[in-house]
Amino acid sequence: MTVIVPEPVLVENDQEVVDGGALDLDGGFVVPDSNAFGHSFRDYEKESQRKAAVEEFYRINHLNQTYEFAKKKKEEYKKLSKAEMSIWECCELLNEFVDESDPDLDDPQIEHLLQTAEAIRRDYPDHDWLHLTALIHDLGKVLLHPSFGGEPQWCVVGDTFPLGCAFDESIVHHQFFKENPDYKNPAYKTKLGIYSEKCGLDKVTISWGHDEYMYLVMKENKTTLPAAALFIVRFHSFYSLHRSGAYTYLMDDDDKEMLKWLQIFNKYDLYSKSKVRVDVEKVKPYYMSLINKYFPEKLRW
Ligand SMILES: O[C@H]1[C@H](O)[C@@H](O)[C@H](O)[C@@H](O)[C@H]1O
Ligand SMILES: [Fe+2]
Ligand SMILES: [Fe+2]
């Protein structure tokens with residue numbers, strides 16, 4: 001059954017740009033109570049047509065995401081030697097992929113990018129950087145594409161979590177970590193593991209996937225987007241931190257400031273998922289102007 005989720009209601013607000021200071025944690029977005037399938041959002045236990053596949057996704061993901069693995073992948077992809085293309089070309093490539101880890105959506109990813117961007121744009125009209133951040137936040141899923149070796153879903157999508165320290169119980173399908181080789185490693189199984197209190201998230205190795213990859217692409221291609229945009233992209237799947245409040249002892253003061261923006265963003269990323277389609281051709285000129293403002297024409301991927 002397809003349930004049409006009503007468009008987010010726009011409530012007047014006068015936000016200031018990122019350097020301007022004032023930060024309204026409630027942009028006026030009215031959170032819908034059900035997803036595209038008529039269920040509550042991120043309910044991993046609810047019987048649904050996606051439940052079994054999502055569970056299997058997390059079994060394999062939690063088994064294979066180790067500290068060594070994530071380090072190796074980062075080294076490999078940091079070279080950005082796979083492709084050369086513009087941001088928009090990458091958006092179009094995502095047209096063919098459905099995210100197997102997502103219990104709330106089974107539409108091609110380009111729909112999700114535009115829905116997120118348009119929803120946040122309605123509530124934060126003056127924050128153009130936030131609109132573009134929303135448009136690009138999941139572009140790292142292009143790792144699924146054959147030109148990137150067609151990486152399997154388990155190392156591209158899904159929630160992310162720190163490696164090199166204990167797996168927090170708030171992580172989705174935590175039970176599957178028991179099969180992960182790091183689970184019993186004495187160096188990694190304590191609360192802090194290899195890290196120190198307030199070391200800063202930049203020092204923490206996070207499970208490998210589309211977040212960290214897109215962060216690298218943005219940074220290495222010298223985007224002029226603000227630091228908050230890079231933080232949002234890099235940690236948007238780190239739900240145990242931004243939704244459950246786990247691992248906060250790893251954050252430094254800068255991370256704490258940035259987290260506020262991530263929490264604003266998350267509302268739009270999660271709750272804009274619906275069967276309401278955005279007219280791509282209509283909105284494309286606006287997003288092209290933002291891409292030209294904040295990115296070079298061609299990027300290395
Ligand atoms: O884009 C992904 C996807 O939607 C996943 O299902 C979710 O687990 C991740 O956190 C998110 O970043
Ligand atoms: Fe994502
Ligand atoms: Fe997303």
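The shell around ligand 1 is made up of two nonpolar, five polar and six charged residues, where Ala, Val, Leu, Ile, Met, Phe, Trp, Tyr, Cys and Pro count as nonpolar, Asp, Glu, Lys and Arg as charged, and the others, Gly among them, as polar. The structure is a predicted model, in which local features need pLDDT of at least 70, side-chain atom pairs count only at pLDDT 80 or more, and totals for chains, interfaces and linings use all residues. Residues are numbered from 1 along each chain as its sequence is written, chains are lettered from A and ligands numbered from 1 in the order in which they are written, and side-chain values use heavy atoms, with hydrogens and water left out.

Of the 13 residues around the ligand (those with a heavy atom within 4 Å of it), Asp99, Ser101, Lys141, Asp159 and Ser237 come nearest. An N or O atom in the side chain of Asp102 lies 3.1 Å from an oxygen atom of ligand 1. For Tyr58, a polar side-chain atom is 3.3 Å from a ligand oxygen, and for Asp99 the separation between a side-chain N or O atom and a ligand oxygen is 3.5 Å. The protein buries 97% of the 300 Å² that ligand 1 exposes when taken alone (Shrake-Rupley method, 1.4 Å probe).

A cavity is a set of points, on a 1 Å grid over the protein atoms alone, where a 1.4 Å probe fits but cannot get out; lining residues have an atom within 4 Å of a point.

Among the residues lining it are Asn35, His39, Asp43, Arg50 and Pro103. Three nonpolar, four polar and five charged residues form this lining.

Notes. A polar contact is a pair of N or O atoms within 3.5 Å; within protein, one must be able to donate a hydrogen and the other to accept it, and residues adjacent in sequence count only if both atoms are side-chain atoms. On a 1 Å grid over the protein atoms alone, a cavity is a set of points where a 1.4 Å probe fits but cannot get out, and a pocket is an open set with protein on both sides within 12 Å along at least five of seven lines; lining residues have an atom within 4 Å of a point.
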